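Below is a short briefing on one protein chain. Read it with the structure open, and find each element as it is named.

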Amino acid sequence: MTYRFPVKSIRQLLEASHGADAPQVTVNGWVRTVRTQKQRAFVQVADGSNPQGIQAVVSDPEMVKGLSTGASVRLQGSLVKSIGGNQAMELKASAITLLGASDPEKYPLHKAKLPLEHLRDHFHLRSRTRTFTAMWKLRNSAMQGFHEFFQSNDFIHVNTPIFTTNDCEGAGESFRVVTPESLANQTTSTGTLKKQQQQLQQSKKDEFFDLPVNLTVSSQLHLEAMNAALPRVYTMGPAFRAEKSLSTRHLAEFWMLEAEAAFLTNLDDLLNLIEASVKATTSRVVAANADDLSVLAALPLATTGTSSHRTKEETQKLILSLSEAGPAFHRITYTEAIKILQSCGKTWTHPIDSWGASLQSEHERYLAEEFFKAPVFVTDYPASEKPFYMLDSADSEGSRGIHGGPTVACVDLLVPGIGEVAGGSLREHRLDGIQRKIQEKKMDMKGLDWYMDLRRYGAVPHGGFGLGVERYLMALSGMGNVRDVIPMPRWFGHCKY
């Protein structure tokens, strides 16, 4: 049986009409505008299914009494060709039912054009604007695009946990999970050594999971466990980072696309995977969401640093570079990047004094925006700057030049206007190698016993990457603030709703 949802959207009604008159249709949605004249009235209704919604022409202005911007309505009538130039079809309304009233004096979105700053004060309502219905459809299409790419390449989608005992990145910026009971029973260790030991034992009993647990910062380690049996796996889910940042590029809760592939021995193969997934998804979005991209491109340029976004031309150029129609992404090593940054003549807030210096946002933006003016892969960073699980460059296949010190076979994808969008590496798959790295990083090996087992029993060379969904969406949409590409953003000091 073929199922059809009983309530048709405005887009479905317009597509089904094929430009011809259609009697007896029902339109459901929210009122954007109401205009009344002596002889008739016009009501613009939208349901998010298309950018413009539909215009309803009402022969009796009395029928629109009580309607105002934000109200929900059901209209019945006939679809007819429009005599106006702004739409091909319009609704000749014969009946109007007010489903939910909206007080025009209090409704926060009563104006047609509102700045993004104002809309950020009303996350629960901003989805009713053309800008954000377009943004959420763009987000949906990108998610579908990644799924289609990985499914077509025989990757298995798996679900990884949000609760974890590990800090994958080792940065210590994770959220701790506690219950009200365990929080109330926590005490500060005081008194004699014996008393402190007793208090410590009691605090362990108060832990819901019997040991400290965090919200995940990455699904990578759990994906590696799945990858030990399923050679290609990926996931898309939330990640959490307790970073006290108010920048336009950071969230406390964000979404990650992460993938792991077994039997990878050459870093170039991982770069090819990242590039192919991004280009395929971008091309899908361009083909499926032309109207939504046009709505977002029409946003006026902002004047404040908290909501600036790129011009239409800049965004179109960036989208092209991220699609299959664009050229291959540039590829350089960290060592080559350092030489570029040291010789460019710019004065940096964070100087690049020597090989081994950490690349900051200003350096990443320069490489992508000013030097290459296009997406660029930077590979083979110093081992001291990267997490314990990365394979040494010297132990990977392929030659990527001579470096100024020990490096790991890793990569960051830098994108103009955004900075780092994705990062990955070949993984250290040998037991002695991973044990050595954990000791060098002075980490607690006890909590990683299960991870060691993946190396003890049938380990294979493998690699993977993670892509920040919100940062990728910033590139596609032209939005300059990450809080505008996720429905309910959470960042330092803000967790509304």
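In this predicted model, Ser78 has Lys92 in E5 as its bridge partner. The strands E4 and E5 pair in the antiparallel sense, over 10 bridges. Both strands belong to a closed barrel of five strands, which runs E1-E2-E3-E5-E4.

**The barrel**

- The pairing in the five-stranded closed barrel is mixed.
- From one strand to the next, the twist averages 55°.
- Helix H1, residues 10–17, packs on this sheet and touches E1, strand E2 (41–46), strand E3 (54–58), E4 and strand E5 (89–100). The direction of H1 makes about 130° with that of E1.
- Strand E1 (residues 22–36) is paired with strand E4 (residues 72–81) over seven bridges, in the antiparallel sense.
- E3 and E5 run parallel and are joined by three bridges. Ala56 has Leu91 in E5 as its bridge partner.
- In general, the strands of a sheet pair through backbone hydrogen bonds, and the pairing is either parallel or antiparallel.

**The open sheet**

- A separate entry is an open sheet formed by three strands in the order E7-E9-E8, with antiparallel pairing.
- Which strands lie at the edges? They are strand E7 (163–164) and strand E8 (176–177), and each of them pairs on one side only.
- E8 runs antiparallel to strand E9 (residues 213–215), and two bridges join them.
- Arg176 has its bridge partner in E9, namely Asn214.

**Helices H3 and H8**

- Helix H3 (residues 130–152) packs against helix H8 (residues 290–297) at an angle of about 135°, and their axes are 9 Å apart. Because of that angle, H3 counts as oblique to H8.
- The crossing in which H3 passes H8 is left-handed.
- On the H3 side, the contact is made by Arg130, Thr131, Ala134, Met135, Lys137 and Leu138. On the H8 side, Asp292, Leu293, Val295 and Leu296 take part.
- Sorted by class, the contact of H3 with H8 has six nonpolar residues, one polar residue and three charged residues.

**Thr131**

- Thr131 is found in helix H3.
- Is Thr131 buried or exposed? Thr131 is buried, because its relative accessible area of 14% is under the 20% cut-off.
- Neighbours within four places in sequence aside, Thr131 is in contact with Val295, Leu296, Leu299 and Met479.

**Helices H12 and H13**

- Helix H12 (residues 431–440) and helix H13 (residues 449–456) have axes 8 Å apart and pack at an angle of about 150°. The two helices are therefore roughly antiparallel to each other, as the angle is over the cut-off of 145 degrees.
- Which residues make the contact? Leu431, Ile434, Gln435 and Ile438 of H12 meet Tyr451, Met452, Arg455 and Arg456 of H13.
- Five of the residues in the contact of H12 with H13 are nonpolar, one is polar and two are charged.

**Pro231**

- Pro231 is found in a loop, the one between helix H6 (220–227) and strand E10 (232–240).
- The relative accessible area of Pro231 is 39%. Pro231 is therefore partly exposed, since the value lies between the cut-offs of 20% and 50%.
- Pro231 and Asp154 are 77 residues apart in sequence, and their C-alpha atoms are 9.2 Å apart in space.
- With its neighbours within four places in sequence left aside, Pro231 is in contact with Glu260, Ala261, Ala262 and Phe263.

**The whole chain**

- The chain has 14 helices and 16 strands.
- Of the 497 residues in the chain, 48% are buried.
- Taken along the principal axes, the C-alpha atoms fill a box of roughly 85 × 60 × 55 Å.
- How many of the contacts between residues at least 6 apart in sequence join residues at least 24 apart? In this chain, 71% of them do.

Conventions: Residues numbered from 1 in each chain as written. Predicted model: local features only at pLDDT ≥ 70, side-chain atom pairs only at ≥ 80, totals over all residues. Heavy atoms only, no water. Axes fitted to C-alpha atoms, helices over the stretch in contact; angles between N-to-C directions. Helix = DSSP H or I, 4+ residues; strand = E, 2+ residues; numbered from the N terminus. Parallel < 35°, antiparallel > 145°, perpendicular 65-115°, else oblique. Left-handed = near helix turned anticlockwise from the far one by under 90°. Contact = heavy atoms within 4.5 Å. Nonpolar A, V, L, I, M, F, W, Y, C, P; charged D, E, K, R; others polar. Buried < 20%, exposed > 50% of the residue type's maximum accessible area, 1.4 Å probe, protein only. Pairing = 2+ DSSP bridges.
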